[in-house]
Amino acid sequence: MIPDELSGKLDVREPKTEAAGITAVVKSLEHVFRQTEAGRGWTALAKVNQIDGYDCPSCAWPDPDRGRSPIAEYCESGAKAVADEVMTKHTASPVLFQRHSIGELLQKTDFWLGQQGRLTQPMVVRRQGKTDDQLHYEPISWDDAFDLVADHLNRLASADEAIFYTSGRTANETAFLYQLFVRMYGTNNLPDCSNMCHESTGVALGETIGLGKASIVYDDFAKADVIIVMGQNPGTNAPRMLTVLEEAKRAGAQIVAVNPLVETGLLAFKHPQKVRDVLFGGQKLTDLYLQIRINTDLALLKAVCKLLLIEEKKHPGQVLDRAFIDEYTADYETFVASLNRYDLDELIEQTGLAQEQVHALVKAIRFKKKIIICWAMGLTQHKNAVETIREIINLLLLKGSIGIEGGGAAPIRGHSNVQGDRTMGIYEKPKPQFLDALKREFGFEPPREPGYDTVASVKAMHEGKAKVFVGMGGNLAMATSDTNFCAEALRRCDLTVQISTKLNRSHLIHGETALILPCLGHSDIDQQAAGEQFVTMENTTGVVQMSKGVVEPISKLMLSEPAIVAGIAKRTVPQFDWDAHVANYDRIRDRIARTIEGCADYNTKVRQDGGFYLPNGPRERRFTTPDGKAHFSINTPSRITLAPDELLLMTVRSHDQFNTTVYGNDDRYRGIYNERRVVFLNPDDMEKLGLSDRQVVHLQSSYGGQTRTAHRFIAIPYDIPAGNAAAYFPETNVLLPIDQIADKSHTPTSKSIVVKVVKE
Ligand SMILES: Nc1nc2c(c(=O)[nH]1)N[C@H]1C(S)=C(S)[C@@H](COP(=O)(O)OP(=O)(O)OC[C@H]3O[C@@H](n4cnc5c(=O)[nH]c(N)nc54)[C@H](O)[C@@H]3O)O[C@H]1N2
Ligand SMILES: Nc1nc2c(c(=O)[nH]1)N[C@H]1C(S)=C(S)[C@@H](COP(=O)(O)OP(=O)(O)OC[C@H]3O[C@@H](n4cnc5c(=O)[nH]c(N)nc54)[C@H](O)[C@@H]3O)O[C@H]1N2
Ligand SMILES: [Mo]
């Protein structure tokens, strides 16, 4: 399924001790110019995240509310993402598919597939009993492609037999039109990448403070006294965040990192645009680095809450915010009572941290209120992820740190518009109020039954309950857990449709009939009947702003995402004038304004410089829970028991990838070059297991009596807690069974996979 050959060129160096700086900028420019003509590269780079430009396709980090850098509001990761999208030297045109059968393409690495460039034309393949080696994608006209999809959809016994997935780069206008079409067609089967990402956050925040989004704004970072970064690697995955951490630090904030790995970006940062930093060395960022064992954050947070209560006894009225607790929260007493059940030493022992380290954290926050806690996949992809995140809220509530300047909950989202997609209704469990609004505006009865989330979708396809899969972006086959199971699920479909910018493995792991529908990306100029269009996106702090492509699309045969939705929709639910909405996206935005909360005057507000903030109750201490209170919750740390030869594996991103898109084979900050098939191990564990440095091993998991193997990884001794291991995804997704999911959020537990490391 995925080639598992080693490159034979692995080079291991000391991990870096500071991130970014001038090398990152040079690196990023190299990357763009290696792949594009200089003109397109510059045009594209110069307009990233500018008021009159487009939203960086990489991550969801916000732009400054004021004073954007005139040079470039992008980072190395952004530059790579832009290069990946605008590169013109190669295209994945029909010639490529003529030259290579699907079987041959399956032998290529994900890196190679991505290097083939943008998809340029709609393509089709029909299996008809042939093997992948005999099959080639062939061109098809847009009309025929749309007819084909519509034929399949119109033939299904029930709309619930179709699945409509979304990945997080999709803009608000597309997302809104897409969910409208899917619901008019008759199903809520709208899984998205969020199900594998921050779903645990959404559930935890929804239950406790009433809104599954960050409660902070951009400027809060500079005002914070303490910023705690848990389970997140910003140096690689949200590099521009380092700028605000650095600013906060200069303004006197203390920064605490909680992470099993010592991530370079969190150690020190050289601001690429500040001469002083480049000449004199970077800013040391982290004051306290807690190198915690995997998935023991809940135990740590509980220990901290216990210690805060003890501190409050010593300094009455100075540690907890009783006024806030009394006025705005519920369940405080039961929470405090539940803490008595835990032994402090035992909690700390679980984390692997020293007592002093935990006390140092408590000391840092005990008299402070302006506390921001940031988190990402290191917390969301565990079985008890929802509980861990609720414990973050417990801590913030004790301190009265929500709804104040310089304090709050800051989940850092992944894809550039993953948050916006949810706001626009990409959700398998829509709220009744939202469906009522659709009914009012569009005069149809939307389906009320919840649909499949991502994991349930894969299972439904596997069981034959779902027969048509449509992917609005993304790479389901590689992104979900249990790669082989997911592949089988996709192969059992009658039709798989991938609306994509770039070639990926989900095009090659296909249903009986399969379509590739090439679409415009963020940087492409989008020309429709009423002229050039822009779209809108929402970042991780809930700011909605416009994004307008700047380079000519490299093929006339690509369509915009809304146009593709309309092409399918008008052949399945013709009662709505889809074309009129695509001719001028203002019309889609007028609909958004009338149906989505907080979006009144959308067309006007998105045209303001820098866009607008969506309403956010918790930010103003209006908690949108049923009783209007923020809720303390009771969460129970659970230990994963390991056999003596087992380790707990977390699957992380390298510095050279965007999720399943592999830009290169280096992970510079961690000192790894020319190889992705590596596993980071504690030196003591290596000795115990009889492994030598750079020994080739297999990773094996064993769940429910079934053994799964990821072949050929090179063992690297690394600074990681004993009993823990790390390797890159997606190569490791074969190890995790589809039913290993987080409680309530159903997110695959990609950061706690029990494995054995066996010699080759
Ligand atoms: N360049 C680039 N940018 C990206 C992406 C990309 O692939 N490349 N992906 C985007 C997406 S969709 C997302 S969701 C984000 C992801 O951004 P991150 O969440 O930063 O991504 P991961 O590499 O999964 O890193 C998880 C971090 O959590 C730590 N960790 C793992 N388990 C635990 C644990 O149990 N406890 C604690 N405290 N820490 C733990 C790991 O050591 C690692 O540092 O980035 C987005 N931005
Ligand atoms: N083991 C493990 N698995 C994980 C994770 C992990 O940490 N560990 N992380 C999970 C997370 S956080 C996420 S978000 C998912 C990601 O899951 P997905 O969102 O499904 O995957 P991506 O790799 O982001 O999707 C990349 C593809 O999207 C297409 N694309 C790119 N830009 C556009 C665009 O503008 N429009 C359209 N239509 N298509 C576009 C390209 O064809 C590209 O190949 O993976 C999850 N899987
Ligand atoms: Mo994500």
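Domain 2 (199–411) and domain 3 (647–759) both contribute residues to the shell around ligand 1, so the ligand lies between them. Please keep in mind, colleagues, that this is a predicted model.

Let me begin with that shell. Ligand 1 is surrounded by 30 residues, and the closest are Asn259, Glu263, Asn295, Gln657 and Asn659. At least two shell residues come from each of helix H11 (234–237), helix H20 (377–380), strand S25 (646–652) and strand S26 (657–658).

Which side chains place a polar atom close to an oxygen atom of ligand 1? For Glu263, the distance from a polar side-chain atom to a ligand oxygen is 2.6 Å. For Arg653, a side-chain N or O atom is 2.8 Å from an oxygen of the ligand. Gly231 takes part through its backbone, with an N or O atom 3.4 Å from a ligand oxygen. Of the 920 Å² of accessible area that ligand 1 has on its own, the protein covers 98%.

I turn now to Pro748, in the loop between strand S32 (724–728) and strand S33 (753–759). Is Pro748 buried or exposed? Its relative accessibility is 3%, so Pro748 counts as buried. Beyond its neighbours within four places in sequence, its contacts include Gln381, Val455 and Ser481. Pro748 and Ser481 are 267 residues apart in sequence, yet their C-alpha atoms are 6.4 Å apart in space.

Finally, Ser457 belongs to helix H24 (residues 454–463). Ser457 is also buried, at a relative accessible area of 2%. Leaving aside neighbours within four places in sequence, Ser457 contacts Ile163, Pro191 and Tyr452.

Methods
Residues are numbered from 1 along each chain as its sequence is written. Chains are lettered from A and ligands numbered from 1 in the order in which they are written. This is a predicted model: local features need pLDDT of at least 70, side-chain atom pairs count only at pLDDT 80 or more; totals for chains, interfaces and linings use all residues. Side-chain values use heavy atoms; hydrogens and water are left out. Helices (H or I, at least four residues) and strands (E, at least two) are DSSP runs, numbered from the N terminus. Buried means under 20% relative accessible area, exposed over 50%, partly exposed in between (1.4 Å probe, protein chains only). Contact means heavy atoms within 4.5 Å. A residue is near a molecule or strand if one of its heavy atoms lies within 4 Å of it. A polar contact is a pair of N or O atoms within 3.5 Å; within protein, one must be able to donate a hydrogen and the other to accept it, and residues adjacent in sequence count only if both atoms are side-chain atoms. Accessible areas come from the Shrake-Rupley method with a 1.4 Å probe; for residues, only the protein chains shown count as cover. Domain bounds come from an automatic or database domain assignment.
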